[in-house]
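Open the model in your viewer and keep the selection panel at hand. The stops below go one selection at a time.

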Amino acid sequence: MRILLAVIVNAALLAVLLPWLRRQWQWAGSGGWRVVLVASLALRVGVGVARYWHPKADAAFMSFVGRIVTAQLWQNPAGAWSTLTRAVTVLPKGRASYEFVYQNTSNTWILMKILGVLNLATLSSDWLNALYLSLFAFIGCWQLVRQLADIFPTTPAAAGAVAFLLWPSVWFW
């Protein structure tokens, strides 16, 4: 059942991502935008996967709690909506020495819930989670750069591309 769900979710994600990527490729034309698209996508995904091949510190902790969320989703699929939307969530401690208590507005908790759901597609693989999170982050940055180019046509297009796609610190966040 888990593998079947993973195949279905991955197929759905690819059904959305591949047409989006094709539209961006066509929009970029044959000029510099296409180079920026390919280079920035490769950098974002490459750095993201390399950094999270073996997650450390915060990333490892978030992956750990994401797996607890995934286990709860598998144990009680009918309660999934409640797990993902309630105002205060208390998770069992697992290997930790304390229980985890999160409020719904915590950014950390939101990312852990995303990881919990993403684990259904990746079968809890950290590097596949990193791949998807890197892709999602790239899509957001790319859309921002495109909007900046449209809203401020007199500004050099490279300004937004360098600031939001090619600047090294952007690859790590």
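Select Val-36, Leu-41, Val-45, Leu-135, Phe-138, Trp-142 and Leu-165. In this predicted model, these residues touch the most other members of the largest nonpolar core, which has 16 residues.

Next, colour the helices behind that core. At least two core residues come from each of α1 (2–28), α2 (32–51), α6 (126–151) and α7 (157–166). Which helix gives the most to this core? It is α6, with 6 residues.

Now centre on Leu-41. Leaving out residues up to four places away in sequence, Leu-41 touches Leu-21, Val-36, Leu-135 and Phe-138.

Move on to another core, which lies apart from the largest one. This one has 12 residues, including Val-65, Ile-68, Val-69 and Ala-80.

Last stop: a helix pair. Select α3 (residues 57–75) and α5 (residues 107–122). Their axes are 7 Å apart, and the helices pack at an angle of about 60°. That angle makes α3 oblique to α5. The α3 and α5 crossing is right-handed.

Show side chains at the contact between the two helices:

- From α3, pick Phe-61, Met-62, Ser-63, Val-65, Gly-66, Arg-67, Val-69, Thr-70, Leu-73 and Trp-74.
- From α5, pick Thr-108, Trp-109, Leu-111, Met-112, Leu-115, Gly-116, Val-117, Asn-119 and Leu-120.

Colour this contact by residue class.

Note on methods: Residues numbered from 1 in each chain as written. Predicted model: local features only at pLDDT ≥ 70, side-chain atom pairs only at ≥ 80, totals over all residues. Heavy atoms only, no water. Axes fitted to C-alpha atoms, helices over the stretch in contact; angles between N-to-C directions. Helix = DSSP H or I, 4+ residues; strand = E, 2+ residues; numbered from the N terminus. Parallel < 35°, antiparallel > 145°, perpendicular 65-115°, else oblique. Left-handed = near helix turned anticlockwise from the far one by under 90°. Contact = heavy atoms within 4.5 Å. Core = buried A, V, L, I, M, F, W, Y, C linked by side-chain atoms within 4.5 Å. Buried < 20%, exposed > 50% of the residue type's maximum accessible area, 1.4 Å probe, protein only.
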